[in-house]
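Me: I am new to this structure and would like to learn how to read it. Could you walk me through it, one feature at a time?

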Amino acid sequence: MLKTGDRAPEFTLPDASGKDRSLTEFLNSGATVLYFYPVDFTPGCTRQACSLRDLQTDLKNANLRVVGISPQRPASHAKFTAKYNLPFTLLSDEHKEVIKMFGVNGPLGIGVRRATYLIDGSRRIRDCVLADFRIGRHIALVRKAILLRAITL
């Protein structure tokens with residue numbers, strides 16, 4: 001897994017509409033919370049996505065954006081986004097290329113590890129967490145990022 005201080009690799013993946021989106025595109029607007037999750041619609045992944053949705057006002061006020069990545073097809077992401085009214089971008093990594101670049105492929109290549117990164121505008125990883133089942137640790141990282149951004153703005 002990439003660590004705090006590492007430079008995040010550039011990538012391009014399709015969003016829920018099938019449009020290619022790059023990390024640089026998101027970072028051009030400033031820091032980004034990039035999170036990897038296993039599967040759309042599972043209880044844990046839904047709870048994580050909805051928790052991030054519920055922080056959207058605070059994220060916007062801190063000038064942070066959220067981007068999620070999982071191996072589902074864009075059509076699955078579109079349904080997931082619509083069902084839960086998610087205000088952020090979900091990217092499809094069907095071949096797990098970016099998942100592997102970030103070192104969050106599951107054990108023996110099965111599944112995806114749940115990881116969250118805070119990446120600054122220069123692609124430097126400022127903070128990260130890996131916790132497959134403890135979603136609260138991911139949300140705590142995001143809350144900490146919001147608080148730190150509020151202090152420095």
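Me: In what order do the elements of the protein chain run from the N terminus on?

Reply: First, a word on the source: this is a predicted model, in which local features need pLDDT of at least 70 and side-chain atom pairs count only at pLDDT 80 or more, while totals for chains, interfaces and linings use all residues. Residues are numbered from 1 along each chain as its sequence is written, and side-chain values use heavy atoms, with hydrogens and water left out. Now the elements: helices (H or I, at least four residues) and strands (E, at least two) are DSSP runs, numbered from the N terminus. Here the order is β-β-α-β-α-α-β-α-β-α-β-β-α, with six helices and seven strands in the protein chain.

Me: What radius of gyration does the protein chain have, and what would a compact globule have?

Reply: The radius of gyration is taken over C-alpha atoms, and the globule rule is 2.2 Å times the number of residues to the power 0.38. For 153 residues that rule gives a value near 15 Å, and the 14 Å of the protein chain agrees with a compact globule. Its C-alpha atoms fill a box of roughly 40 × 30 × 30 Å along the principal axes.

Me: What percentage of the residues in the protein chain is buried?

Reply: Buried means under 20% relative accessible area, exposed over 50%, and partly exposed in between (1.4 Å probe, protein chains only). In the protein chain, 49% of the 153 residues are buried.

Me: How many disulfides does a search of the whole structure find?

Reply: A disulfide is a pair of cysteine sulfur atoms within 2.5 Å. The search finds zero. For Cys-45, the nearest cysteine sulfur belongs to Cys-50 and is 11 Å away. For Cys-128, the nearest is that of Cys-45, 19 Å away.

Me: Why does Cys-45 count as buried?

Reply: Cys-45 counts as buried because its relative accessibility is 2%. Cys-128 also counts as buried, because its value is 18%.

Me: Which residues does Lys-100 touch, not counting those up to four places away in sequence?

Reply: Contact means heavy atoms within 4.5 Å. Lys-100 sits in helix 5 (residues 97-101) and touches His-95 and Asn-105.
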